[in-house]
Every structure is written in structure tokens, then in C-alpha cells.
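Subject: Structure handover

Hello,

Here is the structure you are taking over. Please open the file alongside this message, as the notes below refer to it throughout.

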Amino acid sequence: MRRINNILSLALITSVTLFSCSEQDPVAEDLSAPDDVVAQIAALGFDVENFTVEIFEAGYLVEGDIYLTDQSIAEMGRPNTLAEVEQYSTNNLVNAGGGRVITIYAPEEGSGGGGGKGKKGGGGGGGYSPAMIAGLDEAISRYNSENLSISFQRVTSSGGADIVMTRLSKRDERRGVLGSAGFPTNSGDPYGEIKMSGVLESSYGLSTNGIATIIAHEMGHCVGFRHTDYFDRSISCGGGTSNEGTAGVGANHIPGTPTGATASKKSWMLACTDGGDRPFNNDDKTALNYLY
């Protein structure tokens, strides 16, 4: 996630790039992914023309906020026919059963970071500020208010948590990455990690509701939502037409949602946002209730 001209790039809530500034900018580090990896990602249907594929954590950052590893790339199928309708889901969804509580852990300031699930956490210098935790709690509340077959609960330990939210490295925070997430597993579990910047308030001046919107967007990716305007990111991001493709994970129209997408409806899953508050609109609620 990055910002260009005050537009935030959400990659699972939508995305346009947000660049942060540092007082000293040493020789730029080349984070471009190898050509053969870029070719594989392009073959899956991701847009590699308008968005640089960058080395990120133990994998690659694609289209601003989608996190892929070599393993996930290998497991993805090739794209099918592209749709042009408003709300989309991935092929894999969370197995809700008769009702499922998805637990989320995020380290708080002074907690020492905490990665969980064998992953090193606290990359940006420890846990999250009270404003970030308040944003997470608000994002959880938005989902739970819809009385879905899935609900979310923030827990105070990373052990056994379904989703662990960890801070980006200082390097990634400085270069303007806002967050990233992946999609549900073949076994019906939510994607297990959200990487979030810890400076959304301090560096970008976002409100609690603005932070909640970004976190809710990444949570949406974790449970199987694609960008509302995946077929043309220019709807929310501006610039030329850019189709994300089905990307090997699917881009399935959700019945009951309208054809086309508009920035004015402010879906929480649009690819890009100005950092403002975007609670679920009526079409978002239809999509959530259809899937869960």
C-alpha cells in the first residue's frame, strides 16, 4: 500500500501508492524481483506492467498489497475468463461451518513485537500504538456488526491465533508500504498474516476510522475478497486502465451485486483510497452476507 497524490494504495483493500519521505535517502536499494519470477506472476494474470513486482519479506509484493511467496505462486492455477462486474471473491473461501470465530493477534507497544506462527514479528520497532489497535478493534467491530457466519476476535497472545498482524520492517515503512495480505488456503482457513505499517497515524495523519478501513481491507483479502475494481484499477487509482486478472486465485462475481464499479460508492475493497473512512456500503454488505 502506498500513496500518490494523497491516494493510498491498498492491495487487498484497493491500492494506489503512498510514498513516505525520510530525511536522508541513501543509494536506492534495488528491490525488483528477478525476471523469471515476474514472468511467472504475469502468467497468473497479475498486472506487472503498471506495478513493479518487488522483493518483500520472504516473497514478493504484487500490485501494492498482495503478498506472494514462491510456494503460493507454484500452487496457483492459470487465469480463466475475466469478468467485469462489481464484487468478487477468490475460489478459496473460509470454511465457516455453523459459525466460526477468527482470532487476530496484534502486538501492542511495549509488548516486544511478537510474530507468532514461527514468524519473526515487530519489524518496525515493536508493537502497535493505541491508535492502530483502536483501528483494528473498529475493523473487527464492522465485520461483527453484520452478524455473519464468521466473526473476528482480537486476542492477546499470538499462540494459536488464526491471523497474526505484524509490523512491517522499518525499511518497508520508510518506502511507503502500508500493508499486505494473502488469500484463504485450500483447506478453508483464512490467510494467516497481515503485515501493516505502524505509522499510518504518525506519518500519514490517518484517523482511527481511516486506519480501520485499511485493516478491514486486508482482512477482506484474508477471507477471500478481491478488489472491487480488480478489472480496472483506474476506477479508484486513476491513470490508465489496469486489469489485475484472475491471478490464479479466482475473481468470481458475487450474485446480487451490481455490474460495474464506481469510486463514489466507496467500497471498502476498492484498490485505492484517500485514507478516509469507508465503512461497508450496501453492496459490500450484500457481498459479505452472500459469502458468509
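This is a predicted model: local features need pLDDT of at least 70, side-chain atom pairs count only at pLDDT 80 or more; totals for chains, interfaces and linings use all residues.

Residues are numbered from 1 along each chain as its sequence is written, and side-chain values use heavy atoms, with hydrogens and water left out.

Overall make-up

The protein chain has seven helices and 14 strands. Helices (H or I, at least four residues) and strands (E, at least two) are DSSP runs, numbered from the N terminus. Of the 292 residues in the protein chain, 57% are buried. Buried means under 20% relative accessible area, exposed means over 50%, and partly exposed is in between (1.4 Å probe, protein chains only). For contacts in the protein chain between residues at least 6 apart in sequence, 74% join residues at least 24 apart; contact means heavy atoms within 4.5 Å.

Helices H3 and H5

Two packed helices are described by the angle between their axes and the distance between the axes. For helix H3 (residues 130-144) and helix H5 (residues 208-222), the angle is about 60 degrees and the axes are 7 Å apart. Axes are lines fitted to C-alpha atoms, for helices over the stretch in contact, and angles run from 0 to 180 degrees between N-to-C directions. H3 and H5 are therefore oblique to each other. In these terms, angles under 35 degrees count as roughly parallel, over 145 as roughly antiparallel, 65 to 115 as roughly perpendicular and the rest as oblique. The crossing of H3 past H5 is right-handed, that is, the near helix is turned clockwise from the far one by less than a right angle.

On the H3 side, the contact is made by Ala131, Met132, Ala134, Gly135, Leu136, Glu138, Ala139, Ile140, Arg142 and Tyr143. On the H5 side, the residues are Thr208, Asn209, Ile211, Ala212, Thr213, Ile215, Ala216, Met219 and Gly220. By class, the residues of this contact are twelve nonpolar, five polar and two charged. Here Ala, Val, Leu, Ile, Met, Phe, Trp, Tyr, Cys and Pro count as nonpolar, Asp, Glu, Lys and Arg as charged, and the others, Gly among them, as polar.

Salt bridges

The whole structure contains twelve salt bridges, each defined as a side-chain nitrogen of Lys or Arg within 4 Å of a carboxyl oxygen of Asp or Glu.

One of them joins aspartate 189 and arginine 100, at 2.7 Å from N to O. Aspartate 189 sits in the loop between strand E11 (179-180) and strand E12 (193-196), and arginine 100 sits in strand E8 (residues 100-105), 89 residues apart. Aspartate 189 is partly exposed at 32% relative accessibility, whereas arginine 100 is buried at 18%.

Arginine 142, listed above in the contact of H3 with H5, also forms a salt bridge with aspartate 277, with the closest N and O atoms 2.6 Å apart. Aspartate 277 lies in the loop between strand E14 (271-273) and helix H7 (282-291), so the pair ties together parts that are 135 residues apart in sequence. Arginine 142 is buried at 10% relative accessibility, and aspartate 277 is partly exposed at 36%.

Lysine 195 and glutamate 193 form another salt bridge, at 4.0 Å from N to O; both residues are buried.

Single residues

Which residues other than glycine have a positive phi, near 55 degrees? Asparagine 147 is one of them. Asparagine 147 is in the loop between H3 and strand E9 (150-155) and is exposed, at 66% relative accessible area. Lysine 266 also has phi near 55 degrees. Lysine 266 is in the loop between strand E13 (252-253) and E14 and is partly exposed, at 49%.

Phenylalanine 225 lies in the loop between H5 and helix H6 (234-237). At 0% relative accessibility, phenylalanine 225 is buried. Its C-alpha is 9.4 Å from that of proline 184, and phenylalanine 225 and proline 184 are 41 residues apart in sequence.

Regards
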